Amino acid sequence: VWLEFRRVLFRSGVNQTAATTGTTISSSVNSVTLKYDNGDYSTVPFVDASYSIPLSNNFLFRLGGRYDFSKSKSGSIFTDYTAAAGSLVMDTTDTGGNGDNLNDGTIREQIKLSYDYKDHYSIYIAPTYVLSNNSAFFGKLGWHKQKGTLKYTETYTLQYPASDIDGDGTFTNTSVSGSKTFEGWGYGLGYIHSFGNAYIQLDAEFIDYDKKNFNSGNATYSFKPESLNA
């Protein structure tokens, strides 16, 4: 029954996937931990190639690989908070040397986290059950690897009263960027239909990556991505 599939044992093609990538982010400073869950959608072109080995009349064993040509986004988080004068205690004076107490002004804190992934590739096995000469269902187990980048920017704006010597305030900026390589396992199901030397393949796959940490000063950041591709 797998006569048509036996004629086309090697398959390759340039494809597109709709990817939903979610990331669990946590930041820990002085034993205080904040946790965020966020995600985004991407359309990613990739190349896929596989080779089928017939095991019986109805079963094939496929070995394959995939490489993505573009980034996969995972969203961003932005917070904007303004504290009234005197509500935060900052045990310091300004850097201008005027001796102003920073607690006299309002403090605006803006934090942005953004992250994306690139250079994704995988190798997989796909046990395949042949339904007819030109159609089959398959399961998929793959090992995946990609590079993830997290960017963290923190901005404080201190606004003093008009009577203050400095007038319109001062700024403090903190920017952190960290990259890690993630590895994980993917699990999927799909359907393939052959037209002689051409084919159509539809599949969905869930990828669970490992968790990675990086440090900046006294802060520890960790992020764990998960993807659902179709």
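Strands β2 (32-54), β3 (59-68) and β5 (106-132) each give two or more residues to the nonpolar patch. Strands are DSSP runs of E with at least two residues, helices are runs of H or I with at least four residues, and both are numbered from the N terminus. A patch takes residues with over 30% relative accessible area and no salt bridge, joining nonpolar side chains (Val, Leu, Ile, Met, Phe, Trp, Tyr) within 5 Å and like charges within 9 Å. Areas come from the Shrake-Rupley method with a 1.4 Å probe, and for residues only the protein chains shown count as cover.

A patch of positive charge on the surface gathers K71, K118, K147 and K151. Lys and Arg count as positive and Asp and Glu as negative, with His and the chain ends not counted; the charge is placed at NZ of Lys, CZ of Arg, CG of Asp or CD of Glu. K71 lies in the loop between β3 and β4 (72-83) and is partly exposed at 47% relative accessibility.

## Model and overall fold

This is a predicted model, in which local features need pLDDT of at least 70 and side-chain atom pairs count only at pLDDT 80 or more, while totals for chains, interfaces and linings use all residues. Residues are numbered from 1 along each chain as its sequence is written, and side-chain values use heavy atoms, with hydrogens and water left out.

The protein chain has one helix and 10 strands, in the order α-β-β-β-β-β-β-β-β-β-β. Of its 230 residues, 38% count as buried (buried is under 20% relative accessible area, exposed over 50%, partly exposed in between; 1.4 Å probe, protein chains only). Among contacts (heavy atoms within 4.5 Å) between residues at least 6 apart in sequence, 67% join residues at least 24 apart.

F182 is in strand β7 (residues 170-195) and is buried, with a relative accessible area of 0%. Beyond four places in sequence, F182 touches residues including Y117, H144, Y209, F223 and P225. Its C-alpha atom is 6.0 Å from that of K147, 35 residues apart along the chain.

N229, in strand β10 (residues 219-229), is buried at 5% relative accessibility. Its contacts beyond four places in sequence include T17, R66, D203 and I207. Y121 in strand β5 is partly exposed at 33%, and touches R66, Y67, W143, H144 and K145, leaving aside neighbours within four places.

## Salt bridges

Four salt bridges are found in the whole structure, each a side-chain nitrogen of Lys or Arg within 4 Å of a carboxyl oxygen of Asp or Glu. R66 and D68 form one at 2.8 Å, N to O, and both residues are buried.

E183 pairs with K145, the closest N and O atoms being 3.9 Å apart. This pair links distant parts of the chain, with E183 in strand β7 and K145 in strand β6 (residues 135-159), 38 residues apart. E183 is partly exposed at 33%, as is K145 at 24%. K224 and E226 meet at 3.7 Å, N to O, and salt bridges with shared partners join D208, K224 and E226 into one network.
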